[in-house]
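Keep the structure open as you read.

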Amino acid sequence: MTAGPPEESLPTERRSPTLLEQMGGVPGIIASTIPVAVFVVVNIVATLQPALIAALASGVGIAVWRIARKQPLQPAVSGLFGVGIAAFIAYRTGEARGFYLPGLIYSAVLALAFLVSVIVRWPLAGVIWHGINGDGQSWRRDPRLLRAYTWASLLWTLVFAARLVVQGLLYNADAPTWLGIGRLAMGYPLVGVALLGTVWAVTRARRLPNAAD
């Protein structure tokens, strides 16, 4: 009986990091928006090249800050890599709107991926969530959870599709300032809405009777 409690507490102690933890927590999420915000501001008050330099410098600063705080290295590297690609495209095209092109492609890919996952009955909202937490994919055998994650995946599809449409229109209109503002406004605020919707749908599904229909 004495060996029971340590074994029960062991899975929670060694559980895989959550998505929020992998992104560096709330400070890491906020910090990841800084290069875009810096680019928007500097591009308004100066020209393209200083804006690119400032965005890259802020990306490097954030990476160094995360490493100094002993946060996971992967988010710092991937964030800096993303800023670097965006800056390279803007530099090669000579257009400020090029900085936002990778984000548009990213939104298009994710919107399509979430939609296809619903069609093939492997909703990505569930696959990603349970994959991150190391729970496996046995949740698909529960009709309640499959239905909930299907609706959640459709919500994520809507979020990424909305980003693509709105920001795509601003991209075609060659309005980089509004495009940057739209990128910030439709970033984590919409992700937060989708996360809340996902949590609500799954929590509600778990409370329903487990019917086989």
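## The nonpolar patch

Leu112, Leu115, Val116, Ile119, Val120, Trp122, Trp151 and Leu154 together make a nonpolar surface patch of about 810 Å². Two elements give two or more residues to this patch: helix H7 (101–119) and helix H9 (143–172). H7 supplies the largest share, with 4 residues.

A word on terms: patch members have over 30% relative accessible area and no salt bridge, with nonpolar side chains (Val, Leu, Ile, Met, Phe, Trp, Tyr) joined within 5 Å. Areas come from the Shrake-Rupley method with a 1.4 Å probe, and for residues only the protein chains shown count as cover. A salt bridge puts a side-chain nitrogen of Lys or Arg within 4 Å of a carboxyl oxygen of Asp or Glu. Helices are DSSP runs (H or I, at least four residues), numbered from the N terminus.

## Leu154

Leu154 sits in helix H9. Its relative accessibility is 32%, so Leu154 counts as partly exposed (buried is under 20%, exposed over 50%, partly exposed in between).

## Helix H11

The buried residues of H11 are Val191, Ala194, Thr198, Ala201, Val202 and Ala205. Looking down the axis of H11, they fall within an arc of 95°, so they line one face of the helix; the arc is taken from the directions from the helix axis to the C-beta atoms. These buried residues pack against H9 (contact means heavy atoms within 4.5 Å). On the face turned away from the buried side, H11 carries exposed Leu196, Trp200 and Arg207.

## About the model

This is a predicted model: local features need pLDDT of at least 70, side-chain atom pairs count only at pLDDT 80 or more, and totals for chains, interfaces and linings use all residues. Residues are numbered from 1 along each chain as its sequence is written, and side-chain values use heavy atoms, leaving out hydrogens and water.

Methods:
Patches are made of residues with over 30% relative accessible area and no salt bridge: like charges are joined within 9 Å, nonpolar side chains (Val, Leu, Ile, Met, Phe, Trp, Tyr) within 5 Å. Buried means under 20% relative accessible area, exposed over 50%, partly exposed in between (1.4 Å probe, protein chains only).
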